[in-house]
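Here's a quick briefing for anyone opening this one for the first time. Have a look at the sequence and the model, then work through the points below.

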Amino acid sequence: MSLQLTDVHISAGDREFVHGVSFDLPAGGVVGIVGESGSGKTLTCRAALGILPPGFTVSSGTVSLGGRDTATLSTREWTALRGSTISAVFQDPASYLNPSLTVGSQVAEVLQVKLRLRRRAARDRAVELLDSVRLPDVYRRYPHELSGGMLQRALIATAIAAGPRVLIADEATTALDVTVQSEILDLLADLRDSTGLALVVVSHDLAVVAQLCDEVLVMRDGAVVEQGPVSDVLYAPRHEYTRLLIDEHESYGLDRFLSLDGAALEGAVLEGAVRERAPLEGADHGAAR
Ligand SMILES: Nc1ncnc2c1ncn2[C@@H]1O[C@H](COP(=O)(O)OP(=O)(O)O)[C@@H](O)[C@H]1O
Ligand SMILES: [Mg+2]
C-alpha cells in the first residue's frame, strides 16, 4: 500500500513547524528522513499516522494512504487502520510496553484486538512473531528482563503483528548497538522483500539510510532542503547542509558506505540494500536508477 504526503504543512496555533513535506512511497519502497534534532522528522511521521500532538494540525497539504485522503477518515476509521494497516516503531521502546505484562501477552493482545484472533491462536502467532525478530523464549518474560535491543525487537514484533502495509520507524534503532541495529535493519529489509511492506525510516544516522532507503529527504528547521534518490543525495549532495551532515557522519561510518569499491559492495557489508542501486565512484549516477 502506498503512502503519499503532498506538501504537508504542520502548525500549532499561528506557528508553522513543518513547511511542506512531499513524498510518494509505493508498496515495497523505503523512504528515509534525515536531519538534526528538532527539524520536524517526528512531527512529519505523526502527521502520517494521524497522531499529531494536541494543538498540532496538518494546516495544509494532504496525507493519503492507499490513495485515500486520510483527512476524510473518521476517528474510528483511523483507529482501525493504525496498528494494522499503518504502524510505527519509535525510540525508547520501554515506554511503549507495559512493565506489568509479559512481552508475549502484549504481542498477543495486538493480534486479538486488531485481527480478532482467539486467545490460543494469538498466543501461537505471537510466539512465531517473536521468533521472526529473533527473540525465541521471551514470551513469558517481562520488559525489565530484556535488554534495550531485545525490547526494540519486541516492539517491532508488536508493530508488525497485524501485518501492516506501511511501517514508520522513527529513530527505531538509534539507541541500539551496531550489531543489534544491523539485525533490525536486516529484518525490516526482509519484511519489505517478503511482504511488500513500505517503510519510512527516520534516522540521524546517514549510514542507516544509505543501507536501507530508495529515496531520502533531508530536513532542516521544518523544511526539506534536499530530496531525491539516496544515490544522488548521499553520494552527490547538492545542498551545503547535506554535505555538512555527511561530513559529520563520516566519523560514524558513512565513509564505509561511500568509499567502498564495487567488490567490497558485493560482499556482506551491505547485504541487499545499497548493492543494486549505489552508483559507485566514477559510475554514472543517472544510469544507476
Ligand atoms: N508535543 C510538542 N509540543 C511542542 N512542540 C513540539 C512538540 N513536538 C514537536 N515540537 C516542536 O516541533 C519541532 C520539530 O520537532 P520534531 O518533529 O520532534 O523534530 P525531530 O523529530 O526532527 O527531532 C521542534 O521545534 C519541537 O520543539
Ligand atoms: Mg524525532
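Predicted model: local features only at pLDDT ≥ 70, side-chain atom pairs only at ≥ 80, totals over all residues.

Over the chain as a whole, pLDDT averages 84, and 86% of the residues score at least 70.

**The big picture**

- The chain has 289 residues, and 41% of them count as buried.
- Take the contacts between residues at least 6 apart in sequence: 65% of them join residues at least 24 apart.

**The nonpolar core**

- As background, nonpolar side chains tend to be buried together in soluble globular proteins.
- Here the largest nonpolar core has 80 residues, and the ones touching the most other members are Val107, Ala157, Ala169, Val200, Val201 and Val209.
- Which helix gives the most to this core? That's α5, covering residues 148-160, with eight residues.
- Val107 has quite a list of partners once you skip its neighbours within four places in sequence: Ala126, Leu129, Leu130, Ala157, Thr158 and Ala161.

- Strand β8 spans residues 198-202, and five of its five residues are buried.
- In a regular strand, side chains alternate between the two faces of the sheet.
- Both faces of β8 are covered, with Ala198, Val200 and Val202 buried on one side and Leu199 and Val201 buried on the other.
- Strand β3 (residues 30-35) runs parallel to β8, and four bridges join them. Within that pairing, look for Gly32, which stands opposite Val201.
- Strand β7 (residues 166-170) also runs parallel to β8, joined to it by five bridges. Leu167 has Leu199 of β8 as its bridge partner.
- How does the chain get from β7 to β8, and what is the handedness of the crossover? The path goes through helix α6 (residues 178-195), and this β-α-β crossover is right-handed.

**Two residues with positive phi**

- Arg116 isn't a glycine, yet its phi is positive, near 55 degrees. You'll find Arg116 in the loop between α3 (103-114) and α4 (119-132).
- Is Arg116 buried or exposed? Arg116 counts as exposed, because it has 9 C-beta neighbours inside 10 Å and the exposed class takes in residues with 12 or fewer.
- Glu171 is another non-glycine with a positive phi, about 55 degrees. Glu171 sits in the loop between β7 and α6.
- Is Glu171 buried or exposed? Glu171 counts as buried, because it has 20 C-beta neighbours inside 10 Å and 20 or more is what a buried residue needs.

**A stop at Tyr96**

- Tyr96 lies in the loop between β6 (86-89) and α3.
- With 18 C-beta neighbours inside 10 Å, Tyr96 counts as partly exposed.
- Leaving out neighbours within four places in sequence, Tyr96 is in contact with Phe90 and Leu155.
- Tyr96 and Leu151 are 55 residues apart in sequence, while their C-alpha atoms are 9.6 Å apart in space.

Definitions and conventions: Residues numbered from 1 in each chain as written. Chains lettered and ligands numbered in written order. Contact = placed C-beta atoms within 7 Å. Core = buried A, V, L, I, M, F, W, Y, C linked by C-beta atoms within 7 Å. Pairing = 2+ DSSP bridges. Right-handed = clockwise from strand over helix to strand, strands pointing away. pLDDT = per-residue confidence, 0-100.
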